[in-house]
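Trainee: I would like to learn how to read a model of this kind, feature by feature. Where do we begin?

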Amino acid sequence: MSTDTNDPRPADDTDAATITQNDDQQPAPPPQQAAPADNEEDGDAQPFAPLPRHVAPSVAETAWNDDEDLEPGDDIGNRLDGPAHHERTTTSEAEAADAGAKRRRRRGKKPAEGEAASAADAQPGQPGKQPRKQRGPQQPQRERPAFHIGEEVFGKVVEISEHAVFVDLSGKGRAICDRAELSEDALPQIGDHFVAKVHGDGSRGGNVVLSIKPERADDAKPRVEAAASSGELVNGLVTGVIKGGVEVDIDGLRAFAPGSHVDLKLGANLHHLVGSRLAFKVMTYAKNGRDIVVTRREMLEQEVAATRKRALALLEPGRIVKGVIRSVVEWGVFVAIPEAENVEGLVHISEMSWT
């Protein structure tokens, strides 16, 4: 049967049989009126055969065709009723990006109230909300002081110096008290019980500072502030050695003196200064007396210059003196001369002999 609609050939019996077979599968078309034949000779009416119709193949017929050469997998998805290859829908790039954004939004949403509560109740060792990381190196926790400022304590006197009284606070710490607060009649003896108030808790590493008259600090503030402006020297008691220097008590006011400003030798041991009353120059007075920095560097340099001048005056070229070896180096030894204010001199290795 020809499927070309432009075929002028009239329909025959074979065409009619083909149409009948296709009609079993498709709904029958509505009846058509028979047209009269153009070449009637005897006047009898002949029924007009309907023209052939084109029937589209079903999806099942297009799902597989043994006559076509298909690659493996070409028929996947077509063996069941569904869209053909050319009818399948594909996901565009915009739709894929939109779906990815939705997934990211879902992941970024806050947890539910129950999840937030469980995360907050989680212990540090259990999975849950992680603690925030600290920036920079972690600082060690400062130990809690055993005593508080203003607390009244008692202890046993273990040492008395020219300017201070040292007290043992029942093994919890060592305390120092300015002897200037005590009269000669009230001066305790070694082994006596001593009662006073805590004026400095020693949390920075120094000794606990005790005071019988803590209100004297208010009277010292105007004087120390004026000394910071005028450059006048003030006397202070060294109460302890801490990191970077020493603590100084100036009539109840705490001050700090850097280590390089109380001894010109770098890294010198400063513990021998504890309990000594020395003259200081106020470099900084701030925060209404809570931040005071003092120094002795200028005075020490002046003392060293004067001592050296006196020592050089006692020494003459060619004079024989006795000395004490202070240090040994590759190129010789340094010798201190007691007769000349312990001024040090170098003896080169080429000038020394074992005999």
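**Reading the chain**

Mentor: Start with the inventory: the chain has six helices and 13 strands. Keep in mind that this is a predicted model.

Trainee: How much of the chain is buried?

Mentor: Of its 355 residues, 24% count as buried.

Trainee: What share of the contacts join residues at least 24 apart?

Mentor: The share is 49%, counted among contacts between residues at least 6 apart in sequence.

Trainee: Where does α5 bend?

Mentor: The bend is at P222 and amounts to about 25°.

Trainee: Which residues of α5 are buried?

Mentor: First the general idea: an α-helix has 3.6 residues a turn, so residues three or four places apart point the same way. In α5, the buried residues are R216, A217, A220, V224 and A227. After the helix comes G231, with a positive phi near 85°.

Trainee: Now a single residue in a strand. Is T239 buried or exposed?

Mentor: The cut-off for buried is under 20% relative accessible area. T239 has 3% relative accessibility, so it counts as buried. This residue is found in strand β6, residues 233-242.

Trainee: Which residues is T239 in contact with?

Mentor: Leave aside the neighbours within four places in sequence; the contacts of T239 are then I176, N207, V209, E247, V248, D249 and V274.

Trainee: How should I read strand pairing, and which strand pairs with β1 over five bridges?

Mentor: Look at the sense of the pairing, then at the bridges. Strand β1 (residues 152-160) pairs with strand β4 (residues 193-200) in the antiparallel sense. Within this pair, K156 stands opposite H193 of β4. Strand β4 also has an antiparallel pairing with β5 (residues 208-211), over three bridges. There, V198 has L210 in β5 as its bridge partner.

Trainee: What is the order of the strands in the open sheet of three?

Mentor: The order is β11-β12-β13, and the pairing is antiparallel. At the edges are β11 (324-329) and β13 (343-348), each of which pairs on one side only. From one strand to the next, the twist averages 25°. Strand β12, residues 332-337, is joined to β13 by six bridges in the antiparallel sense. V335 is the residue opposite G345 in β13.

Trainee: Where is N342, and what is its phi?

Mentor: N342 sits in the loop between β12 and β13. Its phi is near 60°, a positive value in a residue other than glycine. The relative accessible area of N342 is 41%, so this residue is partly exposed.

Trainee: What is the phi of D251?

Mentor: D251 is not a glycine, yet its phi is positive, at about 50°. This residue belongs to the loop between β7 (245-250) and β8 (253-258).

Trainee: Why does D251 count as partly exposed?

Mentor: Partly exposed lies between the cut-offs of 20% for buried and 50% for exposed. D251 has 23% relative accessibility and therefore counts as partly exposed.

Conventions. Residues numbered from 1 in each chain as written. Predicted model: local features only at pLDDT ≥ 70, side-chain atom pairs only at ≥ 80, totals over all residues. Heavy atoms only, no water. Pairing = 2+ DSSP bridges. Helix = DSSP H or I, 4+ residues; strand = E, 2+ residues; numbered from the N terminus. Axes fitted to C-alpha atoms, helices over the stretch in contact; angles between N-to-C directions. Buried < 20%, exposed > 50% of the residue type's maximum accessible area, 1.4 Å probe, protein only. Contact = heavy atoms within 4.5 Å. Bend = angle between axes of the 7 residues up to and from the residue.
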